Amino acid sequence: MTPDDSTLRDQGLAPQGAGKVLLLACGALAREILAVKEGNGWDHMILACLPAILHNTPEKIVPAVRDAVAKHQDSFDKIFVVYADCGTGGLLKAACDEIGVDMVDGPHCYSFYDGNAAFEVRNEVTSFYLTDFLCRQFDAFVTKPLGLDRHPELRDMYFGNYEKLVYQAQSRDPALEEKAKACAKFLGLEYEYRFTGYGDLETALTSQA
């Protein structure tokens, strides 16, 4: 059973059960990873998640991954880090290489959901992205950390250089589509819906299965 979003955001997910491969992931990816894992019958793969809120403080990701690998490495044959670079400036890849674990390719989840090659070609430097998780957690990851709930006048300072909000949907959910449209309106941005599914995330997990 997948924990609720608030738990994945603030606490993450401890590994449950025994298996050969540990998927050490961002909590924002938990639902999607479990869907892929269960859909393929990969019972030998066990999911553990670090708190998704680390997304807002990327300097904490590398030490958190290091600590988690050290904690679990004796219990599994292999650990696969299901993070992209995620704002670490290459430090996460360097750390994974140093400790001998593989990780997902790409600069961030928006890229590997879209497909890294396709995302690079798009070169959408003026787009702001939401995934299913970030759409559901918009207030916790955007509105409150930026103080827009208290000072809405700051909106244009933060988002004045953006042109559109792109909702990269992993599932077909009309309620989330409406929420994403509302987020775009709140930020004063044009709106684009893009169904990506799991993109390169599924490919990466398949390579480890």
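**Contacts, sheet and pockets of a predicted model**

Q: What makes the contact between R136 and D5 a salt bridge?
A: The closest N and O atoms of R136 and D5 are 2.5 Å apart. A salt bridge requires a side-chain nitrogen of Lys or Arg within 4 Å of a carboxyl oxygen of Asp or Glu, so the pair qualifies. The structure is a predicted model, in which local features need pLDDT of at least 70 and side-chain atom pairs count only at pLDDT 80 or more, whereas totals for chains, interfaces and linings use all residues. Residues are numbered from 1 along each chain as its sequence is written, and side-chain values use heavy atoms, with hydrogens and water left out.

Q: Why is the pair R136 and D5 said to tie together parts of the chain?
A: R136 lies in helix α7 (residues 132-136) and D5 in helix α1 (residues 5-10), so the pair joins parts that are 131 residues apart in sequence. Helices are DSSP runs of H or I with at least four residues, strands are runs of E with at least two, and both are numbered from the N terminus.

Q: Is D5 called buried or exposed, and what is R136 called?
A: Buried means under 20% relative accessible area, exposed means over 50%, and partly exposed lies in between (1.4 Å probe, protein chains only). D5 has a relative accessible area of 9% and is therefore buried. R136 has 25% and is therefore partly exposed.

Q: Which other pairs form salt bridges, and at what distances?
A: R155 and D156 form one, with closest N and O atoms 3.1 Å apart. K164 and E192 form another, with a closest approach of 2.6 Å between N and O atoms. The latter pair links distant parts of the chain, as K164 is in strand β6 (residues 164-169) and E192 in strand β7 (residues 190-195), 28 residues apart. At 28% relative accessibility R155 is partly exposed, and E192, at 25%, is also partly exposed. A search of the whole structure finds 14 salt bridges. One network of them links D114, R122, E124, K164, E192 and R194.

Q: What makes β2 mostly covered?
A: In strand β2 (residues 45-50), 6 of its 6 residues are buried. Both faces are covered, with M45, L47 and C49 on one side and I46, A48 and L50 on the other.

Q: What is the handedness of the unit made by β1, α2 and β2?
A: β1, helix α2 (residues 30-40) and β2 make a right-handed β-α-β unit. The term applies if, with the strands pointing away from the viewer, the path from the first strand over the helix to the second runs clockwise. The buried residues of α2 are A30, E32, I33, L34, V36 and K37, and the helix is followed by G41, whose phi is positive, near 70 degrees.

Q: What is known of the largest pocket, and which residues lie nearest its centre?
A: The largest pocket has a volume of about 710 Å³. It is lined by 33 residues, of which H55, Y110, F128, Y129 and L134 lie nearest its centre. The elements giving two or more residues to this lining are α5 (109-114), β5 (127-130), α8 (138-143) and α9 (155-159). A pocket is an open set of points on a 1 Å grid over the protein atoms alone, where a 1.4 Å probe fits, with protein on both sides within 12 Å along at least five of seven lines; lining residues have an atom within 4 Å of a point. Grid points are joined across faces, edges and corners, and the volume is the space filled by probe spheres set on the points.
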